[in-house]
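Thanks for making time this morning.

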Amino acid sequence: MKPDSATPAILPPPLHTGTPGSFARRTIEQRKHSIIADLLAGGGLAPAAAAGLRALAREIGGGRFSDPFAAGGGPPLVPAERRAWQQALRPLIGRPWLDLPWYEAEASFYLRVLSATGYYERTAPGYGSDPFARLKQAELERNGPRLAAELADAALAVLLRSSLWGNRVDLSNYEIDRGHADSVIAAAGAGPADELVIDHAAAALGSLARARRVDVATDNAGAELTCDLALVDRLLAAGVRQVRLHVKDAPFFVSDATAADVHATLALLSAQPPPAQAIGRRLADALAAGSLRLQPHWFWNGPRHYPDLPDGISGALAQADLVIFKGDVNYRRLLSDRQWPADAEVAAIAGYLPAPALILRTLKSEIVAGLAPGQATQLARRDPEWLINGRRGIIQLVGSGAAG
């Protein structure tokens with residue numbers, strides 16, 4: 001896709017952990033400590049891993065951002081991944097955690113958690129072990145089979161909305177998970193009129209009907225991935241020749257989907273009674289046949305934003321008729337996690353994308369673009385936390401076929 005317009009030359013500042021009263025600040029001061037506490041409370045950690053997590057908590061609480069690659073150390077990443085981290089984190093070293101760009105702070109938190117638990121070290125007890133697996137599996141078992149059964153015969157329009165609202169179930173934000181896990185199906189059917197603040201659903205359904213290859217940049221495992229897979233199952237049945245799921249190469253943001261999570265979801269669904277069983281088995285067959293493909297890559301769990309897509313990923317996405325970007329963090333990275341005006345044109349910001357895009361995202365951070373003039377003010381009057389409480393969402397087309 002040719003860019004609709006160049007990215008604006010004057011960029012707004014990034015969301016920042018030091019902004020008083022912001023959701024970004026709250027995640028550093030509260031949520032990151034809760035995640036560490038949950039990992040410690042879960043047990044099963046080697047003493048060195050527990051000590052590393054406690055040291056990370058102390059650093060976040062009152063220390064300064066330290067260099068995970070100091071003196072040539074750090075996790076043994078592939079060279080391109082290591083360079084990306086070093087370049088992104090170099091300007092942050094020595095600064096307080098409440099003086100950092102928000103996305104870089106969050107992404108580096110998860111790199112540090114994996115390093116502390118031994119995920120990257122071949123000789124460590126935690127080598128290759130997802131520290132969040134217990135939480136993800138419990139949420140999948142709690143919500144996955146029920147959602148798959150209820151979505152098995154749903155219309156494509158309902159499946160599109162369920163893929164959107166499944167993003168409400170997010171283990172990196174437990175308040176959102178507890179408040180909305182049971183609302184996905186109801187909202188997918190016919191939620192309140194003000195829940196969709198951008199609604200390109202009709203145009204999106206037309207784009208999906210014409211597509212022969214669809215790529216999906218996934219977000220959360222569990223309930224959301226189950227909803228995504230139900231949508232994928234219907235797309236393949238309706239004539240899409242191939243769907244490629246772009247997943248994280250390592251655990252990220254607690255519940256973000258990896259290839260292992262996709263396999264675990266298909267295995268669970270395949271073991272259920274019909275009709276959930278049929279979705280799992282059809283997609284397992286599609287995976288074996290190549291009409292469904294998994295594409296893990298370190299960039300998806302890396303420190304960079306999407307204007308810096310590696311050539312390999314950009315070239316792959318360019319082959320798609322439509323790329324679906326799921327969830328809040330993918331959205332933040334599309335917009336470089338910056339404080340754009342709410343009525344800024346997303347096509348201008350994300351003109352670097354190599355293919356038409358469909359954004360399915362519930363609002364869980366203080367960033368949004370593409371609204372009508374004055375719409376954000378009206379929403380704030382009705383609900384001061386409309387940007388962060390997961391109640392509202394967007395179905396937004398960017399590029400060819402976009403609806404305004």
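Predicted model: local features only at pLDDT ≥ 70, side-chain atom pairs only at ≥ 80, totals over all residues.

Let me begin with helix α1, which runs over residues 23-41 and so contains 19 residues, by the DSSP assignment. From its first C-alpha to its last it reaches 25 Å, close to the 27 Å expected at 1.5 Å a residue. The helix does carry a kink of about 35°, centred on Arg 31, and Arg 31 is itself among the buried residues of α1, a list that also includes Lys 32, Phe 23, Ile 28 and Leu 39. Just after α1, Gly 43 takes a positive phi of about 75°.

Turning to the loops, which residues have a positive phi although they are not glycines? One of them is Ala 71, with a phi of about 55°, and it sits in the loop between α2 (47-62) and α3 (79-89). Another is Phe 253, with a phi of about 45°, found in the loop between β3 (242-248) and α11.

Are these two residues buried or exposed? Ala 71 is exposed, because its relative accessible area of 89% is over the 50% cut-off, whereas Phe 253 is buried, because its value of 4% falls under 20%.

Finally, I would point you to the peptide bond from Pro 274 to Pro 275, which is cis, with omega near 5°. Pro 275 is placed in the loop between α11 (259-270) and α12 (276-289).

How values were computed: Residues numbered from 1 in each chain as written. Heavy atoms only, no water. Helix = DSSP H or I, 4+ residues; strand = E, 2+ residues; numbered from the N terminus. Buried < 20%, exposed > 50% of the residue type's maximum accessible area, 1.4 Å probe, protein only. Expected span 1.5 Å × (residues − 1). Bend = angle between axes of the 7 residues up to and from the residue.
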